[in-house]
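Student: Could you take me through this model, starting with how the helices sit on the sheets?

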Amino acid sequence: MLAVCATPIGNLEDVTLRVLRELAEADLVLCEDTRRTKILLDRHGIATKLVSYHEHNEAERTAQVLPRLEAGERVALTSDAGLPGVSDPGARLIAAALEAGVQVTVLPGPSAVETALVASGLLGERYQFVGYLPRSEKGRAALWEELARWPFPVVAFESPRRLPATLSSLAEAMPERPVAVCRELTKRYEEVVRGTASDVARRFSEAPRGEITLVLGSFEVERGGEGDEARAAVTELTGRSRNELYRASL
């Protein structure tokens with residue numbers, strides 16, 4: 001059996017009892033960084049063998065581990081934080097195991113995506129997770145153009161080093177869009193900074209420290225035609241901006 005195990009995104013106390021039992025009973029634990037996962041196992045007195053499984057050896061490790069799974073061994077798959085396969089290595093092994101008829105079970109747990117979404121206060125009927133943001137300015141501009149047509153919250157990961165450029169780009173494209181920068185979630189120095197894209201971009205003019213999850217709030221989508229004319233008329237009558245009217249209706 002392959003057990004896909006969610007691990008803490010920061011605070012080691014957030015691991016579930018079920019994950020701890022699986023890690024202790026497995027024949028092998030696959031992890032991104034054996035040093036980081038060893039801290040978790042040592043904290044709970046678990047001595048299962050650790051083997052690295054990351055983006056640079058994923059294909060090789062999958063070929064090595066699959067025969068062991070088919071032979072009946074029990075393997076636990078983890079990432080440095082959160083659930084493997086979600087912006088972390090793991091999808092290749094999971095797909096190979098399923099194709100080979102190996103039982104795959106998922107042990108849920110901490111999620112930076114959902115934690116940031118709730119902490120941001122920018123909840124909506126639905127949301128979109130876009131993973132890590134594009135590194136290039138051209139790629140970010142294309143994504144902002146796409147998201148300008150998406151009225152619901154958006155969650156993304158970003159490196160602290162690229163955060164200032166990303167926020168500056170976002171502020172240029174959608175200056176009034178509500179934004180929350182969630183930094184070091186569940187850790188001692190957790191911080192959530194909220195405001196419009198323009199306000200938050202000014203707040204993070206320099207790169208911060210720590211892991212970053214970015215949340216974009218609900219936003220009025222610009223549409224052509226009669227809808228625009230109606231909104232323009234309401235704006236003129238009330239003296240309030242379109243975005244103010246939209247946020248008031250949520």
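**Helices, sheets and confidence**

Student: Which strands does helix H2 lie across?
Tutor: Helix H2, residues 34-43, lies across E2 and E3, and runs at about 155° to E3. Helices (H or I, at least four residues) and strands (E, at least two) are DSSP runs, numbered from the N terminus. Axes are lines fitted to C-alpha atoms, for helices over the stretch in contact, and angles run from 0 to 180 degrees between N-to-C directions.

Student: And what does helix H4 touch?
Tutor: Helix H4 (residues 91-99) packs on the sheet and touches strand E1 (2-5), E2, E4 and E5. Its direction makes about 150° with that of E1. Contact here means heavy atoms within 4.5 Å.

Student: Before going on, where do these values come from?
Tutor: This is a predicted model, in which local features need pLDDT of at least 70 and side-chain atom pairs count only at pLDDT 80 or more, while totals for chains, interfaces and linings use all residues. Residues are numbered from 1 along each chain as its sequence is written, and side-chain values use heavy atoms, with hydrogens and water left out.

Student: Back to that sheet, then. What is the strand order of the sheet with parallel pairing?
Tutor: The order is E3-E2-E4-E1-E5, in an open sheet of five strands. Two strands pair if DSSP finds at least two bridges between them. Strand E3 (50-52) and strand E5 (104-107) are the edge strands, each pairing on one side only. From one strand to the next, the twist averages 25°.

Student: How many bridges join E2 to E4?
Tutor: Three bridges join strand E2 (residues 28-31) to strand E4 (residues 75-77), and the two run parallel. Leu28 stands opposite Val75 in E4.

Student: What about the sheet with mixed pairing?
Tutor: That open sheet of five strands has the order E6-E7-E10-E8-E9. Strand E6 (128-132) and strand E9 (191-196) are at its edges with a single partner strand each, so one side of each has no neighbour in the sheet. Its twist averages 15° from one strand to the next.

Student: Which helix packs on it?
Tutor: Helix H5 (residues 112-120) does, touching E6, E7, strand E8 (178-183), E9 and strand E10 (212-216). The direction of H5 makes about 55° with that of E10.

Student: New topic: how do H3 and H4 cross?
Tutor: The axes of helix H3 (residues 58-70) and H4 come within 9 Å and cross at roughly 35°. In H3, Glu58, Ala59, Thr62, Val65, Leu66 and Leu69 meet Ala91, Arg92, Leu93, Ala96 and Ala97 in H4. By class, this contact of H3 with H4 has eight nonpolar, one polar and two charged residues. Ala, Val, Leu, Ile, Met, Phe, Trp, Tyr, Cys and Pro count as nonpolar, Asp, Glu, Lys and Arg as charged, and the others, Gly among them, as polar.

Student: And at what angle do H6 and H7 pack?
Tutor: Helix H6 (residues 137-147) and helix H7 (residues 163-173) pack at about 40°, with their axes 10 Å apart. Glu137, Arg140 and Trp144 in H6 meet Ala165, Thr166, Ser169, Leu170 and Ala173 in H7. That contact has four nonpolar, two polar and two charged residues.

Student: Finally, what is the mean pLDDT?
Tutor: The mean pLDDT of the protein is 91, and 88% of its residues reach 70 or more. The pLDDT is the predictor's confidence in each residue, from 0 to 100. Over residues 225-229 the pLDDT is below 50, and this stretch has three contacts in the model beyond near neighbours in sequence. Where pLDDT is low, the predicted coordinates should not be read in detail.
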